[in-house]
Amino acid sequence: MKIREKSVPGYERVVLGSDEAAGYQGIIAIHSTALGPAVGGTRYWSYITEDDAVTDALRLARGMTYKNALAGLPFGGGKSIVMRDGKAADREQLFRAHGRMVNSLAGKYFTAEDVGTSPADMEYILKESAYVAGLQGRSGDPSPHTARGVFRAMQAAARHKWGSDDLAGKTVAIQGCGHVGYFLAGELARVGAKLIVADVDAAKVKRVVDEHRATEITTEEIYAAGADIFAPCALGGVLNDQTIPQLKATLVVGAANNQLLEPRHGDLLQQRGVLYAPDYAANAGGVINGCCREMLGWQNEKRFQHIRQRTGWRKNGLPLSARALADQIGPRLPGSGRQRKRVRRCVPSCKFQTSISSWQRPSSWLRGWPVLWMDHRLD
Ligand SMILES: NC(=O)c1ccc[n+]([C@@H]2O[C@H](COP(=O)([O-])OP(=O)(O)OC[C@H]3O[C@@H](n4cnc5c(N)ncnc54)[C@H](O)[C@@H]3O)[C@@H](O)[C@H]2O)c1
């Protein structure tokens, strides 16, 4: 295994590894360990160049710092990528090589599943390193918990936008019917929402269509679908100059990380009257469940309550993600004084805006609450 360091301003460590015999090429980015060891999944995906993969790892690692801090977890942010090269891979060799990379960081970084990886891959990592979560027979697949959190955030957004969290009869366009998209479709079908779905993988669409009577459309049509809510559950960067003008939905709540291509796209959504639930607030259910079970040893009910509170509406006190949702814009993140302090420890450059203009406090419960601005740019 060859490991080289890359110096990136604003990041604690970025390491690139390769193991020719295993056909492995991978990246681990640690954004911050100010609150504890960095936690973030492993993505198995193909990229045109190694630089593209590094950029993705950096954006994802930073997002994990925000997510873990906002979720009240004693962990920092990191992420890793195993590059997919199109050839048939020996998954055991590949993920054991990745396990050796993870192990070389001596506990500064813990991994779990992400796009393209499963609990079985985590078992391969475990053969080489103890710094892995999301294992079979323990917290397992995080996706049902992530989907539950996205569903809760959707209810909170609906309550803010339409005065009720009842999603019966609402139409939701789900982009991506993979792990999270599938479970989210189940949650929505259960409460009587109508579903429009798209995926590049026909088998994944068919499963949701068959099980939940969803309507299938093409991946190009999904943005302009006649839906109330758009749920990005595939990849990042899908909210951009080309797609935002097509949106008919007035709520965007989904699982994908880094949905905004650039921070200004949060402003564009807000100008068009679209309420956007920041991805790192809405999709925290999986990481909360995995970390709380495997690293903090919390029992089921305590974990599930934490997920409910951190992603959805709360009766007493200001609901966390409802405040996030009310901002109507991605890069702005609200939070109580304690939450702001936690995030500021990890991202010293983040700015607080204490004078709130009228459009930023659409209802009285926001009054007086400073809004935390987060700068998502990789500078
Ligand atoms: N799994 C989790 O618990 C979790 C937690 C937090 C965030 N996320 C994020 O949520 C997203 C989905 O995660 P997942 O675990 O369901 O991944 P997944 O790989 O199981 O599913 C992604 C799906 O998107 C599809 N897809 C890819 N490109 C597409 C396109 N252009 N149009 C439509 N569909 C497309 C894929 O075919 C796949 O079915 C990712 O961005 C991931 O980082 C996942």
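1. Let me begin with the ligand shell. Helix α5 gives the most to the shell around the ligand, with 3 residues. Both α4 (143-162) and α5 (179-190) supply at least two residues each.

2. How many residues surround the ligand? The number is 27, and the closest are Thr 146, Gly 176, Gly 178, Ala 234 and Gly 286. Sorted by class, the shell holds 12 polar, 11 nonpolar and 4 charged residues.

3. Both domains take part here. Domain 1 (2-126) and domain 2 (143-282) each contribute at least three residues to the shell around the ligand.

4. Please keep in mind that this is a predicted model. The average pLDDT of the protein is 82, and 81% of the residues score at least 70. Over residues 314-335, however, the pLDDT is below 50, and this stretch has 74 contacts in the model beyond near neighbours in sequence. Residues 351-379 also have a pLDDT below 50, with 50 contacts beyond near neighbours in sequence. I would be glad if your text mentioned both stretches.

5. Next, a word on Leu 275, which lies in strand β13 (residues 275-276). Is Leu 275 buried or exposed? Leu 275 counts as buried because 23 other C-beta atoms lie within 10 Å, and the cut-off for a buried residue is 20 or more.

6. Two backbone angles deserve a look. Most residues other than glycine have a negative phi. Ala 106, which is not a glycine, has a positive phi of about 55°. Where is Ala 106 placed? Ala 106 sits in the loop between α2 (91-104) and β7 (109-110). Ala 106 is exposed, because it has 10 C-beta neighbours inside 10 Å and the cut-off for an exposed residue is 12 or fewer.

7. The other angle belongs to Arg 213, a residue other than glycine with a positive phi near 50°. Arg 213 is found in the loop between α6 (202-212) and β10 (215-216). Why is Arg 213 counted as exposed? Arg 213 has 10 other C-beta atoms within 10 Å, so it falls in the exposed class.

Methods: Residues are numbered from 1 along each chain as its sequence is written. This is a predicted model: local features need pLDDT of at least 70, side-chain atom pairs count only at pLDDT 80 or more; totals for chains, interfaces and linings use all residues. A residue is near a molecule or strand if its C-beta atom, placed from the backbone, lies within 6 Å of it. Helices (H or I, at least four residues) and strands (E, at least two) are DSSP runs, numbered from the N terminus. Ala, Val, Leu, Ile, Met, Phe, Trp, Tyr, Cys and Pro count as nonpolar, Asp, Glu, Lys and Arg as charged, and the others, Gly among them, as polar. Domain bounds come from an automatic or database domain assignment. pLDDT is the predictor's confidence in each residue, from 0 to 100. Two residues are in contact if their C-beta atoms, placed from the backbone, lie within 7 Å.
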